[in-house]
Amino acid sequence: MAKLPSVFDTLRLPVIGSPMFIVSNPKLVIEQCKAGIVGSMPALNARPAELLEDWLAEITETLADYNAKNPDKPAAPFAINQIVHRSNIRLEHDMALIEKYKVPIVITSLGAREDINQAAHSYGGVVMHDVINNRFANKAIEKGADGLVAVAAGAGGHAGDKSPFALIQEIREWFDGPLALSGSIANGRAILAAQAMGADFAYIGSPFIATTEANAADDYKQAIVDGTSDDIVYSDFFTGVKGNYLAPSIKAAGLDPNNLPEGDISSMNFGASAEKEAEQAKAWRDIWGCGQGIAAVKDVVSVAEMVARLQREYQEAKARLDSIAF
């Protein structure tokens with residue numbers, strides 16, 4: 001297998017915190033990086049668009065100061081997620097800031113574009129593209145992405161329907177570069193399992209909603225703590241792209257989670273006018289994205305505590321595996 005890019009050298013746990021719309025903010029990203037995992041957020045979380053520069057400056061300056069004070073335990077790199085779909089009218093504006101601040105990792109979604117990959121490569125950035133099947137994976141690498149995020153069944157928010165075993169197997173038949181796995185990963189055992197299947201990293205989102213640093217309503221965080229996989233609904237109604245959501249939030253919005261109509265991605269307008277953004281953001285505040293692995297989340301804790309639990313469980317799983325005689 002190919003050597004991973006050096007940007008990942010400072011990880012203390014093979015985890016990428018997934019970018020979550022509205023929920024991820026600079027505070028969450030910074031604490032994830034300090035804890036030794038990749039912290040990330042969508043560029044579109046910065047509203048208005050001008051706020052993105054302030055956030056990038058805050059993240060880069062805070063992590064640089066942390067690294068200067070902790071040379072023996074440097075922070076992991078951070079990532080910014082870009083929606084590459086043609087509806088994102090902010091894409092060029094946000095990419096210009098990503099280049100200016102030399103964001104170490106760019107995670108692209110909903111399309112793959114050579115010019116975006118080249119822009120990141122121009123300053124030494126690494127591009128990870130999220131995919132839900134092997135065909136999209138091939139296209140992403142052909143267009144210059146460095147790595148892939150395999151979004152399997154059970155992932156929070158926009159998600160595929162493939163078994164992680166099938167998806168990782170198909171991708172690893174031809175691709176030996178950086179590969180993360182997303183889908184129901186919420187404890188250390190699952191992180192190790194992702195590596196055993198052939199992934200380099202676990203891609204974890206939903207558990208971090210239930211952290212003190214996350215920009216989520218208290219009711220949302222408590223729903224993560226109280227929920228199980230039975231509370232997850234898979235639908236394209238909200239954005240036109242299939243995704244997983246918490247049934248209680250759908251019911252609270254006056255909808256029947258068992259009888260949702262089909263959605264249409266053309267109704268979305270990423271980076272739109274302030275009025276349209278407010279309308280769409282309200283929908284995302286009211287309808288809560290979530291993955292199937294949340295039964296592992298027992299309470300709301302800090303990011304540091306969450307990562308410490310994952311690290312402990314990961315080491316215990318490795319020790320248990322080493323002790324098994326075949």
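Is E31 buried, partly exposed or exposed?

Modeller: This is a predicted model. In it, E31 is partly exposed, because its relative accessible area is 25%, which falls between the limit of under 20% for buried and that of over 50% for exposed. E31 forms a salt bridge with K34, and the closest N and O atoms of the two are 3.6 Å apart. K34 is also partly exposed, with a relative accessible area of 24%. Both residues belong to helix α1, which covers residues 26-34, and they sit three residues apart, about one turn of the helix. An α-helix has 3.6 residues a turn, so residues three or four places apart point the same way. Side chains of opposite charge can pair when their charged atoms come close.

The count of salt bridges comes to seven. Another of them joins R90 to D94, with 3.2 Å between the closest N and O atoms. Here R90 is buried, and D94 is buried as well. R172 and D200 form a further salt bridge, and their closest N and O atoms are 2.9 Å apart. R172 lies in helix α6 (residues 164-172), while D200 lies in the loop between α7 (188-197) and β9 (201-204), so this pair ties together parts that are 28 residues apart in sequence. Both R172 and D200 are buried.

The largest nonpolar core has 78 residues. Those with the most contacts inside this core are F78, I171, I191, F208, I224 and L246. Apart from it lies another core, of 16 residues, including I107, V149, A180 and Y203.

Leaving aside residues up to four places away in sequence, I224 touches S206, I209, A210, L246, C290, I294 and V297. I224 is one of the buried residues of helix α8 (residues 218-226), together with Y220, K221, A223 and V225. Part of what covers the buried residues of α8 is β11 (243-246).

Helix α9 covers residues 247-252 and contains P248. P248 is partly exposed, with a relative accessible area of 40%, whereas S249 is buried, with a relative accessible area of 2%. S249 touches D286, I287 and W288, again not counting residues up to four places away in sequence.

The axes of helix α3 (residues 91-100) and helix α4 (residues 114-121) come within 9 Å and cross at roughly 20 degrees. Angles under 35 degrees count as roughly parallel, and α3 and α4 are therefore roughly parallel to each other. The crossing of α3 past α4 is right-handed. On the α3 side the contact is made by L91, M95 and E99, and on the α4 side by I116, A119 and A120.

Technical notes:
Residues are numbered from 1 along each chain as its sequence is written. This is a predicted model: local features need pLDDT of at least 70, side-chain atom pairs count only at pLDDT 80 or more; totals for chains, interfaces and linings use all residues. Side-chain values use heavy atoms; hydrogens and water are left out. Helices (H or I, at least four residues) and strands (E, at least two) are DSSP runs, numbered from the N terminus. Buried means under 20% relative accessible area, exposed over 50%, partly exposed in between (1.4 Å probe, protein chains only). A salt bridge is a side-chain nitrogen of Lys or Arg within 4 Å of a carboxyl oxygen of Asp or Glu. A nonpolar core is a set of buried Ala, Val, Leu, Ile, Met, Phe, Trp, Tyr and Cys residues joined through side-chain atoms within 4.5 Å. Contact means heavy atoms within 4.5 Å. Axes are lines fitted to C-alpha atoms, for helices over the stretch in contact, and angles run from 0 to 180 degrees between N-to-C directions. Angles under 35 degrees count as roughly parallel, over 145 as roughly antiparallel, 65 to 115 as roughly perpendicular and the rest as oblique. A crossing is left-handed if the near helix is turned anticlockwise from the far one by less than a right angle, and right-handed if clockwise.
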